[in-house]
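I opened this entry to keep track of what I looked up. The notes follow the order in which I checked things.

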Amino acid sequence: MLAGATVLALLVFVLLAVVYRRPDLGARFEPYHWIVGGGLIMPVVVLTALVIYALFTGERLLAHPDPDVPRVSARGEMWVWRFSYPDHPEAGETDVLHIPAGQPVDVLVTSTDVIHSFWVPRLAGKIDAIPGHENVVRIHADRPGTYRGVCAEFCGIGHTEMIFTLMAHDPEEYQAILSGGTP
Ligand SMILES: [Cu+2]
């Protein structure tokens, strides 16, 4: 988008400079042609191309079901988060959300009582935790580490304390945590 906007802005500035220095060049075209060509045809062509590009790019960022992407589950409950691992029930329920680092992970987000919002600011945008419904957000921690998460939707008197810790691990360490139960 930035590249497209830069090219377009440069084109406009160059045209402006040309007609400023050589008014006779600009006068060769009727004002009507400047308006239709520069004001209608060019934006329609450029914006159509950019919109198509943006739609495809946006589509790729969505969390479409993918068997290669590990899944974890986050459930909001006044005023704590409970995490579980749908493909590894032996790991039980944890207070800390464990994910493997260096790969995308789908977080299935839901709620027990009211609407909360799952948010790990360094990894992804916010997503609502709605009772009786499952939203999915795809997150990706580049390297192992500890990340802070919060509830981003006011949900009552304990809202500000509804924080949690996300730990991203090396794949081997992650597997050990899953099979060894809660650390
Ligand atoms: Cu909340």
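I began with the domains and looked up their separation: the centres of domain 1 and domain 2, taken over C-alpha atoms, are 45 Å apart. Domain 1 covers 2–61 and domain 2 covers 71–180; these bounds come from an automatic or database domain assignment.

I noted that the model is predicted, with local features needing pLDDT of at least 70 and side-chain atom pairs counting only at pLDDT 80 or more, while totals for chains, interfaces and linings use all residues. Residue numbers start from 1 along each chain as its sequence is written.

I took strands as DSSP runs of E of at least two residues and helices as runs of H or I of at least four, numbered from the N terminus. Two strands pair if DSSP finds at least two bridges between them. Strand 1 and strand 2 are antiparallel and share five bridges; Gly-76 has Trp-81 in strand 2 as its bridge partner.

I then turned to strand 3 (residues 97–100). It runs parallel to strand 9 (residues 163–169), and four bridges join the two. Leu-97 has Leu-166 as its bridge partner in strand 9. Which way do the residues of strand 3 point? Leu-97 and Ile-99 point one way, His-98 and Pro-100 the other, and all are buried. Buried means 20 or more other C-beta atoms within 10 Å of the residue's own, exposed means 12 or fewer, and partly exposed lies in between, with C-beta atoms placed from the backbone.

Leu-97 and Ile-99 came up again in the largest nonpolar core, which has 28 residues; they are among those with the most contacts inside it, as is Val-109. Such a core is a set of buried Ala, Val, Leu, Ile, Met, Phe, Trp, Tyr and Cys residues joined through C-beta atoms within 7 Å.

Last, I checked Ala-63, in the loop between helix 3 (31–61) and strand 1 (71–77). Why is Ala-63 counted as partly exposed? Ala-63 counts so because it has 19 C-beta neighbours inside 10 Å.
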